[in-house]
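Hi,

Here is the structure I promised to pass on. Have a look at it first, and then read on for what turned up.

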Amino acid sequence: MATPASLHPATPPAISGALAVVACAVMAVSYVAVLYAPTVILRFPPPTSLRTFLHRRFACAAVASAASALATASLLRVWSLSDFADMLAVFGVRKDHLFQAVVIPLLLTSLVYAGSFVTRLWFLASSWGSGDEVEIGCAQRLAQWIQAAVADVMVWRNYVVAPFTEELVFRACMIPLLLCGGFKMSTIIFLSPVFFSLAHLNHLFELHQQGCNFMRSLLIVGVQLGYTVIFGWYAAFLFIRTGNLLCPIVAHVFCNMMGLPVFSSPRTKGAASVAFMAGLISFFWLLFPATSPELYNSSFDRCNCWHGFCNWK
């Protein structure tokens, strides 16, 4: 299959590769630095509760995301696009193919968590007796979870604010810049997570402030960085292949909900390990077919966007 660049005769505004890298680095650092602005720069009193603390961070993340979007729009001169929909599509913000953008990445990502699903189902089967008890228990648990989730500020942080702002900055803003900076798609997939990982280095400082010794903090952050790099590869791949920001957002939310995949569990007598391997093999087998650009776009010509796909008939 031809690459997006060869599918589209026109070319987006070009910027230097060095400028693209510098802009991405500044965005990554700014996304973290602005989180400390309320107390360090604005001299606000320390937050009195976790809710207040996170509300401040939500506002800071929104400011950083908006600033990154404006910077990208300026560097790529998206104002020259006559259609507002084309302007938004530069960032992968689109109203078409919503079903594919939600369902396909969700199903694809869930394959990696086959071991996790088996472990949880095994636990549920061993915890509850009859089918009626399982049905009642599931309904009660679901209602309780929804009620608690709406009021839980950590739920908003992990499943709304972080996925949306991080994907906007580290995928929707950075990847178009790097593409227009002349970098190959394969290079961007492996390069962009470096900036994504930089945004998580502040956890080392925060863990140390909480009294965690340096080596333990380094180990915890090291695992986090490894996980964010792997996920960053996947999220960048999704965004480049589909041209739709919703795809990596859905994957991000789902991964935050599931945590690290379960590779094995002694309780399942090897079933979790078999499920994990089967899911992983299926994931890589379906990775390219499930992210084929034809599934997420109407046609491949007369498009002003960086991905070269025309999204509206």
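A quick word on naming before anything else: helices here are DSSP runs of H or I with at least four residues, numbered from the N terminus. Please also keep in mind that this is a predicted model.

With that naming, Leu42 sits in the loop that runs between α3 (37-40) and α4 (50-76). Leu42 is also part of a nonpolar patch on the surface, together with Val40, Ile41 and Phe44. Between them, these four residues have about 410 Å² of accessible area.

Now to the inside. The largest nonpolar core is made up of 63 residues. Phe91, Phe170, Met174, Ile175, Leu177, Phe231 and Tyr234 are the ones with the most contacts within this core. Several helices give two or more residues to it, among them α2 (17-33), α4, α10 (185-198) and α12 (214-242). Which helix supplies the largest share of this core? That would be α9, with twelve residues.

Leaving out residues up to four places away in sequence, Leu177 touches Ile15, Ala20, Ala23, Met27, Thr72, Leu75 and Leu76.

Is Ser110 buried or exposed? Buried means under 20% relative accessible area, so Ser110, at 17%, counts as buried. Beyond its neighbours within four places in sequence, Ser110 is in contact with Phe117 and Phe254.

On to the cysteines. The number of disulfides comes to zero. Cys60 counts as buried because its relative accessibility is 7%, and Cys255 is buried too, with a relative accessible area of 9%.

Last, the charged pairs. Side chains of opposite charge can pair when their charged atoms come close. How many salt bridges does the structure hold? There are two salt bridges:

- Asp96 pairs with Arg94, and the closest N and O atoms are 2.8 Å apart. Both Asp96 and Arg94 are buried.
- Arg171 pairs with Glu167, and here the closest N and O atoms are 2.8 Å apart. Arg171 and Glu167 are separated by about one helical turn, because they are four residues apart in helix α9. Both Arg171 and Glu167 are buried.

Cheers

Note on methods: Residues numbered from 1 in each chain as written. Predicted model: local features only at pLDDT ≥ 70, side-chain atom pairs only at ≥ 80, totals over all residues. Heavy atoms only, no water. Patch = residues over 30% accessible without salt bridge, like charges linked within 9 Å, V, L, I, M, F, W, Y side chains within 5 Å. Areas by Shrake-Rupley, 256 points an atom, 1.4 Å probe, with all protein chains shown as cover. Salt bridge = Lys/Arg side-chain N within 4 Å of Asp/Glu carboxyl O. Core = buried A, V, L, I, M, F, W, Y, C linked by side-chain atoms within 4.5 Å. Buried < 20%, exposed > 50% of the residue type's maximum accessible area, 1.4 Å probe, protein only. Contact = heavy atoms within 4.5 Å. Disulfide = S-S within 2.5 Å.
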